[in-house]
Each structure stands twice: as structure tokens, then as C-alpha cells.
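Welcome! Take a moment with the picture before reading on.

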Amino acid sequence: MANDTLSVTDNRTGKKFELKIENGCIRAMDLRQMKTDAEDFGLMTYDPAFMNTANCKSAITFIDGDKGILEYRGYPIDQLAEKSSHLETSYLLMNGELPSKAQLEEFTTKITHHTYVHENIKQFMDGFRYDAHPMSMLASTVAALSSFYPEAKQVKNKEVRRNQMMRLIAKMPTLAAFSYRHSQGLPYIYPNNDLSYTENFLTMVKSIGKPNWRPHPALVRALDVLFILHADHEQNCSTTSVRVVGSSEVDPYSAVAAGITALYGPLHGGANEAVLRMLREIGDKKNVPEFIKKVKDKDGDKKLMGFGHRVYKNYDPRAKVIKKACDEVFEVTGKNPLLDIAVELERIALQDEYFVQRKLYPNVDFYSGLIYEAMGFPMEFFTCLFAIPRTVGWVTQFEEMITDNEQKIARPRQIFTGPRKRDYVMLDKR
Ligand code: SDX
């Protein structure tokens, strides 16, 4: 008997089956042969929220949740954060290898020359209420971009597909900056091709009345590091949304818009905004024990926002890097007073059996919001700062799905629990 198989006996029929084990998995479709009779559909797996289901093969990002390991195309995240840039990391994610100097220059030039958006987009954005949430504006506007590039529907054409991927990476900072300026009642600042990707973004967001104003280099570097950390994270909720929506062969703008809406949720990318709200609610270090008690008592479904992860059952390696970046940012901006509350919350949680037993550690969102707030961003904008860098992850995963011969339109099954075969009852008989 081969040792890379699973021997299964269906006790309903006494039949025995040998299922192949490949990459630590069995194929769900191999279960369908297990039937009680010819009419039987065959066995399925039931896995709400895909807790134990691989929906694809991917070579982009590797995570070992128990060891707290994160690698982009095999390169450890802490080395990329220390030595790379977001655009170089974007090239790595998209192409699988670090670029040569010439390749990086060409990639940077292409991105730089796609940062503008059609002027009609401004009118589209102006239609939002003055206090519209920037994530809502970003999701809608990215979906609207689909109407400006009808050729993007040619998702099987590599050249066309890559052009849209570059456009999305290049335009996301512009759209995010425009949504910020709209929510602040400020005029839009156009991209400046003389600036680096992240410096250009910060300038479009922060420049007021001084055409030559430039962001502090330490803040540009810190945000670029944060962009590297947020670029991809294998099959998270928003990336899975991009893959599922993209599996209908819709254009990448529409698929990425689905990713943005998934990221908006407080359990996913919206957590960085929720962390700041939580720290503000706690208000002072002395209130931390009382808050922790409420979380443990599940008082009003209170969670320790920025803690826990579906995959990491150890410290999120990105949180370590972000915590270090806090020091560099606070040297420029002054220390965020909420940091003391966050550090105390972490200290108590990491020694409390409730969190230790559930393997709840700080994740990428626990400290990032403190940096964003110190940089002067309003809480509502924090998740946009996640969406910008995650765009390269979304489009790269989209392309991997589209070019995977095993993939087809996503269409899960269900376990039906409702009533069957009821005859219609006329209104006067109900
Ligand atoms: C991101 O998937 C990714 O890769 C995402 C991400 C990425 O880069 O794309 O890493 C980015 O989304 C990070 C996560 C940001 N979200 C938050 O910080 C929100 C707070 N965290 C939780 O909501 C939660 O930890 C999740 C959603 C992140 C993960 O939840 P799971 O894996 O579904 O775990 P669970 O909800 O089943 O929790 C298991 C237990 C439960 O207790 P019991 O029912 O066993 O008693 O742990 C408890 C939960 O109540 N728990 C928490 C908790 N997280 C889980 N209790 C208090 N505070 C928390 N934060």
C-alpha cells in the first residue's frame, strides 16, 4: 500500500477507498465516489469559512503561522522591510525574482507614468457626501475605473492584463489621496513624476499651499516599510474575494474593488482603525485590566482589536517590524500617547491564560494605526493605507489564478436545510 494515500472505509456501505495525499491534502473531488447508492451525489467536505480548505496552489507568499514566518517569493519579510522598497518588493511579487537595476528603473518609470487618473474620476468622486468614508469612495472609484479601460476584460491577454495591473498599482495612491482630500474639503493635488512612489503619495495627501512642500524623509521611509509589510499575505479574506470574483473572468478593476470592500471589514483591514478606537475607549493605562476583563467575559462581543489571527498562532512577524518603526516615526512626530496603553495591553494579554491558551498575539494592525495617527492621518483613512500596498498582492494573486489551468469559476456547494416540495397557497387561503 503506497504511504502517500489515505485508506478510507465508508461504513455506510463497507466499501474501501484509497485517496491520494498530495502536498498535505486530499482532493475533495476524490470523496464524490463515496456513495450510498447510484442516486447519491457523493460525499462533500463541509468547511464554513474555509478553516481547513486549500482553494489554490500559489508560489507568491509563504506563511508558517506556528513559527511566525512570512516570506514573499522566498525572501523573509524582515529582510525586505530592512533592505528593499515597496516598488522593488512589488516587482518581486509580480515577477518572482528581485529586479536588476535596469529592470527596477523600467518598472519604476512605468508605474510613475500611470499615476494620473481620467479627469472624469474627479467628478465621480465629487458626487460623494463631504463625510463619505474614504474606503467606500476607494472601492467605488476602483470599480468605476473598469469603465475607463474596456480592454481590461481581455484577462487572458498577458500584455493587456499586465498593463491593468501596473495601472492599479500606480493609481491606487492617487485615488486614496483624492478620497482623503475630498473628505477634508481640500483641493486634489496631482501626482508629481519627480517623486518616489511613497513620497508622491504623502505629498498628494499632505501638501497645502506650498507647491514645494515635501514629507519628512523618515516618514516616507517608515510608510514605505509599512507598504512592504502589507503587500501580500497569501489567501486572506480580501485576496480570496479577488480570486473568487476574478474567477468569473471579470476585469481586474472589478475584482480588486471586491478585495477593497472585503478589506473594509473590522475583522480584516478595518482592524487598524478599530484598534485606535479601542485605545481611545480605554483612555488610560489604569483602565487596561478592566477592559481585558470585559474582553474575557465576552461583554458585548468585545474583542482585543489588533490581536489574533487565523494563521499566525505566534507573534505576527510584521507586528515586530512595525513596533520598531514606531520608534523611528515618533522621533519625528513626537510619541503617540496611546502607545503606552497599547504596550500595557500587549504586556498583560501576553501573560494572560485566556489569550495564551487561544494563541492570540498582536497582528499587523495592532501598532500600525499608532504610526498612521502620528503621521496625522484620521482613523477613517487607515484602511486605505492598507489597500494601497495590498493592491500588488491582489493583482498578482488575480494573475496567478487566471493563469492556473486547474482554476475555473468558483462555485461552492451547500448543505440544504430548508423546506422542500411545498405547493403554492393562494393569498386568500393563507
Ligand atoms: C488582518 O488573514 C490574513 O492574513 C489577514 C491579514 C492580512 O494581512 O491580510 O493578516 C490582515 O486581517 C489581520 C487581523 C485583523 N483583525 C483583528 O485584529 C480583529 C480582531 N481579531 C479577531 O477578530 C480574530 O482574531 C480574527 C478574525 C483575526 C481571526 O479569527 P478566527 O481565526 O476566526 O478565530 P476565532 O474568531 O474562531 O477565535 C478563536 C477564539 C474565540 O474564543 P472562543 O470562542 O474559543 O472562546 O479566540 C477568540 C474568539 O472569541 N478571539 C479573540 C480575538 N480573536 C479571537 N478574543 C478576543 N480578542 C480577539 N482579538
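Let us begin with I282, which lies in helix α11 (residues 271–282). Helices here are DSSP runs of H or I with at least four residues, strands are runs of E with at least two, and both are numbered from the N terminus. I282 is buried, with a relative accessible area of 4%. Buried means under 20% relative accessible area, exposed means over 50%, and partly exposed lies in between, using a 1.4 Å probe and protein chains only.

Leaving out residues up to four places away in sequence, I282 touches N287, V288, F291, I341 and L345; contact means heavy atoms within 4.5 Å. D4 is 278 residues away from I282 along the chain, and 52 Å separate their C-alpha atoms.

## How to read the model

This is a predicted model, in which local features need pLDDT of at least 70 and side-chain atom pairs count only at pLDDT 80 or more, while totals for chains, interfaces and linings use all residues. Residues are numbered from 1 along each chain as its sequence is written, and side-chain values use heavy atoms, with hydrogens and water left out.

## Domains

The protein chain is divided into domain 1 (1–45), domain 2 (65–268 + 395–402) and domain 3 (271–374). These bounds come from an automatic or database domain assignment. Taken over C-alpha atoms, the centres of domain 1 and domain 2 are 43 Å apart.

Which residues of helix α7 (residues 197–206) are buried? They are Y197, T198, N200, F201, L202, T203, M204 and V205.

Helix α4 (residues 119–126) has I121, K122 and M125 as its buried residues. Why do they sit on the same side of α4? They cover an arc of only 105 degrees around the axis, where the arc is that of the directions from the helix axis to the C-beta atoms. Among the elements that cover them are α5 (134–145) and α6 (158–184).

## Two residues of α6

R167 is found in helix α6. With 16% relative accessibility, R167 counts as buried. Apart from neighbours within four places in sequence, R167 is in contact with H114, Y149, E151 and Y253.

N163 also has its place in helix α6. At 35% relative accessibility, N163 counts as partly exposed. Along the chain, N163 and G376 are 213 residues apart, and their C-alpha atoms are separated by 33 Å.

## Loops with a positive phi

Now for two loop residues. R73, in the loop between β4 (69–72) and β5 (75–76), has a phi near 50 degrees, a positive value in a residue other than glycine. R73 is partly exposed, with a relative accessible area of 22%.

E249 sits in the loop between α9 (237–246) and α10 (252–263). Its phi is positive, at about 70 degrees, although E249 is not a glycine. With 43% relative accessibility, E249 is partly exposed.

## Salt bridges

A salt bridge is a side-chain nitrogen of Lys or Arg within 4 Å of a carboxyl oxygen of Asp or Glu. By this rule the count comes to 28 salt bridges. One of them joins the side chains of K101 and E105 (2.8 Å, N to O). Both residues lie in helix α3, four residues apart, which is about one turn of the helix. K101 is exposed at 65%, whereas E105 is partly exposed at 44%.

Another salt bridge links D297 with K293, their closest N and O atoms being 2.5 Å apart. D297 counts as partly exposed at 46% relative accessibility, and K293 counts as exposed at 51%. Are D316 and R318 buried or exposed? D316 is buried, with 1% relative accessible area, and R318 is buried, with 2%. These two form a salt bridge with closest N and O atoms 2.7 Å apart.
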